[in-house]
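Reader: Please take a close look at one part of this model: a pair of packed helices. Walk me through the packing.

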There are 2 protein chains.
Amino acid sequence: MKDMLDIIKKNIGLEEDEEKEEQETIIVPEHSFYEIILMKAKNLDEFDFALNQIAEEKNPIIMDMSLLERESLEDFKIAGEKLKAFRINTGGEAILLSKNSNILIITPPEIKLIRK
Amino acid sequence: MKDMLDIIKKNIGLEEDEEKEEQETIIVPEHSFYEIILMKAKNLDEFDFALNQIAEEKNPIIMDMSLLERESLEDFKIAGEKLKAFRINTGGEAILLSKNSNILIITPPEIKLIRK
(Lines give C-alpha, C1' and ligand atoms only; values in the text may rest on other atoms or scores of the structure.)
Protein backbone atom coordinates (compact mmCIF):
# COMPACT_ATOMS: atom_id res chain seq x y z
CA MET A 1 0.00 0.00 0.00
CA LYS A 2 2.87 2.37 0.88
CA ASP A 3 4.56 1.73 -2.50
CA MET A 4 1.33 2.49 -4.28
CA LEU A 5 1.06 5.80 -2.47
CA ASP A 6 4.63 6.67 -3.40
CA ILE A 7 3.88 6.05 -7.08
CA ILE A 8 0.74 8.18 -6.90
CA LYS A 9 2.65 10.97 -5.14
CA LYS A 10 5.38 10.88 -7.76
CA ASN A 11 2.88 10.98 -10.59
CA ILE A 12 1.05 14.01 -9.25
CA GLY A 13 4.35 15.79 -8.46
CA LEU A 14 4.29 15.75 -4.67
CA GLU A 15 8.00 15.04 -4.06
CA GLU A 16 8.60 18.60 -2.89
CA ASP A 17 5.97 18.36 -0.19
CA GLU A 18 7.52 15.15 1.04
CA GLU A 19 10.96 16.76 1.29
CA LYS A 20 9.52 19.57 3.35
CA GLU A 21 8.10 17.04 5.79
CA GLU A 22 11.52 15.47 6.20
CA GLN A 23 13.13 18.79 7.03
CA GLU A 24 10.74 19.18 9.94
CA THR A 25 12.07 16.05 11.66
CA ILE A 26 13.16 16.96 15.19
CA ILE A 27 16.60 15.90 16.37
CA VAL A 28 16.70 14.97 20.06
CA PRO A 29 19.93 16.03 21.86
CA GLU A 30 22.31 13.16 22.60
CA HIS A 31 22.20 13.34 26.39
CA SER A 32 18.91 14.53 27.80
CA PHE A 33 20.01 12.79 31.01
CA TYR A 34 22.85 14.73 32.51
CA GLU A 35 25.48 14.46 35.19
CA ILE A 36 26.61 16.53 38.13
CA ILE A 37 30.26 16.00 39.07
CA LEU A 38 31.35 15.98 42.74
CA MET A 39 35.09 16.53 43.24
CA LYS A 40 37.84 17.82 45.51
CA ALA A 41 40.37 20.08 43.80
CA LYS A 42 43.80 18.90 44.99
CA ASN A 43 45.88 21.33 42.96
CA LEU A 44 45.62 24.06 40.35
CA ASP A 45 45.98 21.61 37.42
CA GLU A 46 42.95 19.65 38.57
CA PHE A 47 41.07 22.89 39.07
CA ASP A 48 41.91 24.09 35.53
CA PHE A 49 40.91 20.76 34.02
CA ALA A 50 37.57 20.87 35.83
CA LEU A 51 36.82 24.42 34.62
CA ASN A 52 37.49 23.35 31.03
CA GLN A 53 35.26 20.31 31.45
CA ILE A 54 32.35 22.51 32.58
CA ALA A 55 32.68 24.68 29.48
CA GLU A 56 33.07 21.71 27.11
CA GLU A 57 30.80 19.03 28.55
CA LYS A 58 28.17 21.45 29.93
CA ASN A 59 27.96 19.52 33.18
CA PRO A 60 27.93 21.39 36.50
CA ILE A 61 30.60 20.61 39.10
CA ILE A 62 30.32 20.80 42.87
CA MET A 63 33.90 21.43 43.93
CA ASP A 64 35.43 21.16 47.40
CA MET A 65 38.22 23.76 47.53
CA SER A 66 39.30 23.17 51.16
CA LEU A 67 42.21 20.90 50.21
CA LEU A 68 43.53 23.44 47.71
CA GLU A 69 43.30 26.21 50.32
CA ARG A 70 45.16 24.09 52.88
CA GLU A 71 47.90 23.08 50.42
CA SER A 72 48.66 26.50 48.96
CA LEU A 73 46.99 29.80 49.77
CA GLU A 74 48.69 31.26 46.69
CA ASP A 75 47.10 28.68 44.38
CA PHE A 76 43.77 29.15 46.13
CA LYS A 77 43.88 32.86 45.29
CA ILE A 78 44.80 32.14 41.66
CA ALA A 79 41.82 29.73 41.48
CA GLY A 80 39.59 32.58 42.68
CA GLU A 81 40.86 34.83 39.88
CA LYS A 82 40.29 32.07 37.33
CA LEU A 83 36.73 31.63 38.54
CA LYS A 84 36.11 35.33 38.06
CA ALA A 85 37.45 35.09 34.48
CA PHE A 86 35.35 31.94 33.86
CA ARG A 87 32.18 33.81 34.85
CA ILE A 88 32.98 36.80 32.67
CA ASN A 89 34.15 34.83 29.63
CA THR A 90 31.56 32.04 29.54
CA GLY A 91 28.56 33.55 31.33
CA GLY A 92 28.62 30.60 33.73
CA GLU A 93 28.17 30.86 37.47
CA ALA A 94 30.24 29.99 40.55
CA ILE A 95 28.63 30.18 43.98
CA LEU A 96 29.95 29.36 47.46
CA LEU A 97 27.43 26.95 49.01
CA SER A 98 28.32 27.60 52.65
CA LYS A 99 30.50 29.94 54.67
CA ASN A 100 31.60 27.04 56.88
CA SER A 101 33.02 24.99 54.06
CA ASN A 102 34.82 25.89 50.86
CA ILE A 103 32.39 24.13 48.55
CA LEU A 104 31.41 25.76 45.29
CA ILE A 105 28.90 24.96 42.60
CA ILE A 106 30.16 25.96 39.17
CA THR A 107 27.78 25.81 36.22
CA PRO A 108 27.92 26.46 32.46
CA PRO A 109 25.62 29.21 31.10
CA GLU A 110 23.14 26.54 29.92
CA ILE A 111 22.29 25.65 33.51
CA LYS A 112 20.57 28.22 35.67
CA LEU A 113 21.02 28.44 39.43
CA ILE A 114 17.78 29.52 41.10
CA ARG A 115 18.00 30.84 44.67
CA LYS A 116 14.83 30.26 46.67
CA MET B 1 -2.05 19.51 -3.75
CA LYS B 2 -2.18 18.28 -0.12
CA ASP B 3 -6.00 18.06 -0.20
CA MET B 4 -5.82 16.04 -3.38
CA LEU B 5 -3.42 13.59 -1.75
CA ASP B 6 -5.69 13.25 1.26
CA ILE B 7 -8.62 12.35 -0.99
CA ILE B 8 -6.51 9.78 -2.86
CA LYS B 9 -5.28 8.30 0.43
CA LYS B 10 -8.83 8.02 1.72
CA ASN B 11 -10.04 6.35 -1.45
CA ILE B 12 -7.32 3.69 -1.40
CA GLY B 13 -7.80 3.09 2.35
CA LEU B 14 -4.54 4.51 3.70
CA GLU B 15 -5.85 6.21 6.83
CA GLU B 16 -4.31 3.57 9.08
CA ASP B 17 -0.82 4.15 7.69
CA GLU B 18 -1.16 7.85 8.30
CA GLU B 19 -2.07 7.29 11.94
CA LYS B 20 1.00 5.13 12.40
CA GLU B 21 3.23 7.91 11.07
CA GLU B 22 1.75 10.36 13.54
CA GLN B 23 2.53 8.05 16.45
CA GLU B 24 6.19 8.11 15.52
CA THR B 25 6.48 11.89 16.02
CA ILE B 26 9.12 12.64 18.65
CA ILE B 27 8.13 14.93 21.47
CA VAL B 28 11.00 17.14 22.66
CA PRO B 29 10.99 17.78 26.45
CA GLU B 30 9.84 21.27 27.36
CA HIS B 31 13.10 22.44 28.96
CA SER B 32 16.34 21.09 27.57
CA PHE B 33 18.04 23.85 29.56
CA TYR B 34 17.63 22.99 33.17
CA GLU B 35 17.77 24.54 36.58
CA ILE B 36 19.44 23.75 39.87
CA ILE B 37 17.54 25.09 42.88
CA LEU B 38 19.43 26.48 45.90
CA MET B 39 17.33 26.68 49.06
CA LYS B 40 17.25 26.63 52.85
CA ALA B 41 14.63 24.32 54.34
CA LYS B 42 12.96 26.30 57.14
CA ASN B 43 10.43 23.68 58.19
CA LEU B 44 9.14 20.22 57.31
CA ASP B 45 6.46 21.61 54.97
CA GLU B 46 9.06 23.38 52.85
CA PHE B 47 11.18 20.24 52.87
CA ASP B 48 8.23 18.08 51.71
CA PHE B 49 7.35 20.55 48.97
CA ALA B 50 10.94 20.54 47.71
CA LEU B 51 11.11 16.72 47.60
CA ASN B 52 7.91 16.65 45.54
CA GLN B 53 9.30 19.29 43.20
CA ILE B 54 12.40 17.18 42.52
CA ALA B 55 10.27 14.18 41.57
CA GLU B 56 7.87 16.22 39.42
CA GLU B 57 10.06 18.86 37.79
CA LYS B 58 13.20 16.68 37.53
CA ASN B 59 15.40 19.52 38.76
CA PRO B 60 18.07 18.87 41.40
CA ILE B 61 17.99 20.85 44.66
CA ILE B 62 20.92 21.89 46.83
CA MET B 63 19.35 22.17 50.24
CA ASP B 64 20.73 23.77 53.38
CA MET B 65 19.32 21.80 56.31
CA SER B 66 21.08 23.69 59.13
CA LEU B 67 18.08 25.90 59.89
CA LEU B 68 15.76 22.91 60.12
CA GLU B 69 18.19 21.15 62.45
CA ARG B 70 18.44 24.22 64.68
CA GLU B 71 14.68 24.77 64.82
CA SER B 72 13.63 21.20 65.57
CA LEU B 73 15.82 18.14 65.95
CA GLU B 74 12.66 16.04 65.77
CA ASP B 75 11.71 17.47 62.35
CA PHE B 76 15.30 17.10 61.19
CA LYS B 77 15.17 13.38 61.97
CA ILE B 78 11.82 13.01 60.18
CA ALA B 79 13.38 14.74 57.13
CA GLY B 80 16.18 12.16 57.21
CA GLU B 81 13.63 9.34 57.15
CA LYS B 82 11.79 10.99 54.26
CA LEU B 83 15.03 11.28 52.30
CA LYS B 84 15.65 7.57 52.79
CA ALA B 85 12.13 6.82 51.47
CA PHE B 86 12.67 9.23 48.55
CA ARG B 87 15.80 7.34 47.50
CA ILE B 88 14.13 3.95 47.73
CA ASN B 89 10.87 4.97 46.07
CA THR B 90 12.16 7.15 43.24
CA GLY B 91 15.73 5.90 42.68
CA GLY B 92 16.96 9.46 43.21
CA GLU B 93 20.00 10.40 45.27
CA ALA B 94 20.67 12.52 48.37
CA ILE B 95 24.25 13.25 49.38
CA LEU B 96 25.71 15.35 52.20
CA LEU B 97 28.19 17.73 50.56
CA SER B 98 30.30 18.45 53.63
CA LYS B 99 30.60 17.24 57.21
CA ASN B 100 31.02 20.85 58.37
CA SER B 101 27.70 22.03 57.00
CA ASN B 102 24.33 20.40 56.64
CA ILE B 103 24.08 20.94 52.88
CA LEU B 104 22.63 18.20 50.72
CA ILE B 105 22.30 17.70 47.02
CA ILE B 106 19.12 15.81 46.14
CA THR B 107 18.60 14.62 42.56
CA PRO B 108 15.91 12.81 40.59
CA PRO B 109 16.91 9.45 39.01
CA GLU B 110 17.36 11.18 35.61
CA ILE B 111 20.39 13.08 36.92
CA LYS B 112 23.48 11.14 37.85
CA LEU B 113 25.94 12.24 40.56
CA ILE B 114 29.50 11.32 39.60
CA ARG B 115 32.10 11.29 42.40
CA LYS B 116 35.61 12.06 41.19
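Author: In chain A, α3(A) passes α5(A) in a right-handed crossing. A crossing is right-handed if the near helix is turned clockwise from the far one by less than a right angle, and left-handed if anticlockwise. This is a predicted model, in which local features need pLDDT of at least 70 and side-chain atom pairs count only at pLDDT 80 or more, while totals for chains, interfaces and linings use all residues. Residues are numbered from 1 along each chain as its sequence is written, chains are lettered from A and ligands numbered from 1 in the order in which they are written, and side-chain values use heavy atoms, with hydrogens and water left out.

Now the geometry. Two packed helices are described by the angle between their axes and the distance between the axes. Helix α3 of chain A covers residues 44-57, and helix α5 of chain A covers residues 73-90. Their axes lie 10 Å apart, at an angle of about 15°. Axes here are lines fitted to C-alpha atoms, for helices over the stretch in contact, with angles from 0 to 180 degrees between N-to-C directions. α3(A) and α5(A) are therefore roughly parallel to each other (angles under 35 degrees).

Next, the residues. From α3(A), the contact uses A:L44, A:F47, A:D48, A:L51 and A:I54. α5(A) supplies A:D75, A:I78, A:A79, A:K82, A:L83 and A:F86. Contact means heavy atoms within 4.5 Å. By class, the contact of α3(A) with α5(A) has 8 nonpolar, no polar and 3 charged residues. Ala, Val, Leu, Ile, Met, Phe, Trp, Tyr, Cys and Pro count as nonpolar, Asp, Glu, Lys and Arg as charged, and the others, Gly among them, as polar.

The setting is chain A, with 5 helices and 5 strands. These are DSSP runs numbered from the N terminus: helices are H or I, at least four residues, and strands are E, at least two. Along the sequence, the pattern is α-α-β-α-β-α-α-β-β-β. Of the 116 residues in chain A, 37% are buried (under 20% relative accessible area, 1.4 Å probe, protein chains only). Among contacts in chain A with a separation of 6 or more, 53% join residues 24 or more positions apart.

Chain B has its own pair. The axes of α3 (residues 44-57) and α5 (residues 73-90) of chain B come within 10 Å and cross at roughly 15°. α3(B) passes α5(B) in a right-handed crossing.

Notes: Angles under 35 degrees count as roughly parallel, over 145 as roughly antiparallel, 65 to 115 as roughly perpendicular and the rest as oblique. Buried means under 20% relative accessible area, exposed over 50%, partly exposed in between (1.4 Å probe, protein chains only).
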